[in-house]
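Please open the structure in your viewer and keep the selection panel at hand. The stops below are meant to be taken in order, one selection at a time.

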Amino acid sequence: MAPTPAYALIATDLDGTLLRGDDTVSDRSLAALARVARAGARHLVVTGRPAPRVRPLLANLGCTGLAVCGQGAQVYDAVADRLLWSVRLDRELAETALGKIEAEVGPVFAAVDQDGVDGLTLIEPGYLMPHPTLPALRVGRRDDLWCEPISKVLLRHATLCDDELAAVARAAVGSLATVTMSGPGTVELQPRGVTKASGLALAAERLGVGPEGALAFGDMPNDIPMFDWAARGVAMANAHPELKAVADEVTESNEDDGVAVVLEGLFPAG
């Protein structure tokens, strides 16, 4: 009888965690994830990227099950190519939240991720995509951002750093929305109460795994709720200080295969 794996569920963020800076996954990381699968454990992607921006990566990873996308607002079924669960951010509420933030810091530049498996990323004039490899459609004015249902709003400021903008946004928005910081140049507004942990919990329930069987990897403050939920949280060497402060362990950077380093120790070869 095969030994029971140390963890039944391995939850990994993508950007800055499993992915290298060029959006690739190393052969070493792929081999480590193959060990996980052979041991009978499940790998679950938990990412801020919306489902349409995740599908090609899931194919490369060989993931044919569930994925948590959009900062927890979407649970995506890769086999059926459909959303099993999704939460939309009310568009009028999003406009109100933006107004409150701009009242504090002046103009911000905004983008939105539309809901759905074929939703677009729309960016208003002046907004620069933090990941230039991700497709986005530039619109002529802010009002055009609200043409279809959305899952989240992305914010940038001309002079404030991410930490400063996130702090101001949390104070200004209050209970209207959840504010997260998920990467360089990526401060986001999500539906109230939606986090990576809420999406992870839903997906894990479908897989029959509780938090006591979960190991999570991440690099940014938006991964803190996921670390709080899982039995163990591992931060990358390149992680934000806020995440390192709550992590159970710090591994190597994403460029140095930090996820694989940990998994190789937990899931022996063969």
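Predicted model: local features only at pLDDT ≥ 70, side-chain atom pairs only at ≥ 80, totals over all residues.

**Helix α2**

Move to helix α2 (residues 27–38), whose twelve residues should span 16 Å at 1.5 Å a residue, in agreement with the 16 Å between its end C-alpha atoms. Colour S29, A32, L33, R35 and V36, which are buried in α2; seen down the helix axis, the buried residues of α2 fall within an arc of 150°, so they line one face of the helix. These buried residues pack against β1, α1 (14–18), β2 (42–46), α3 (55–61) and α9, whereas the face of α2 turned away from its buried side carries D27, A37 and R38, which are exposed. Before leaving the helix, select G40, which follows α2 and has a positive phi, near 95°.

**The nonpolar cores**

Which residues have the most contacts inside the largest nonpolar core? Select I10, L61, L215, F217 and L263, which are those residues in a core of 31. At least two residues of this core are supplied by each of α1, α2, α3, β3 (66–69), β12 and α9, and the largest share, four residues, comes from α9. To look at one member in detail, centre the view on L61, which touches L14, L18, V25, L30, L33, H43 and V45, leaving aside residues up to four places away in sequence. Then turn to a second, separate core, which has 27 residues and includes A110, W146, L165 and A177.

Select Q71, in the loop between β3 and β4. Is this residue buried or exposed? Q71 counts as buried, at 1% relative accessibility, and its contacts, not counting residues up to four places away in sequence, are with T47, G48, K152, T180, S182, E188, Q190, V194, T195, K196 and N222. If you draw a distance from Q71 to W146, C-alpha to C-alpha, you will find 19 Å in space for 75 residues in sequence.

Finish with two aspartates in loops. D81, in the loop between β4 (74–77) and β5, has a positive phi of about 50° although it is not a glycine, and D81 is partly exposed, with a relative accessible area of 33%. D257, in the loop between β14 and α9, likewise is not a glycine and has a positive phi, of about 60°; D257, however, is buried, as its relative accessible area of 10% lies under the 20% cut-off for that class.

Key
Residues numbered from 1 in each chain as written. Heavy atoms only, no water. Expected span 1.5 Å × (residues − 1). Buried < 20%, exposed > 50% of the residue type's maximum accessible area, 1.4 Å probe, protein only. Arc of directions from axis to C-beta. Contact = heavy atoms within 4.5 Å. Core = buried A, V, L, I, M, F, W, Y, C linked by side-chain atoms within 4.5 Å.
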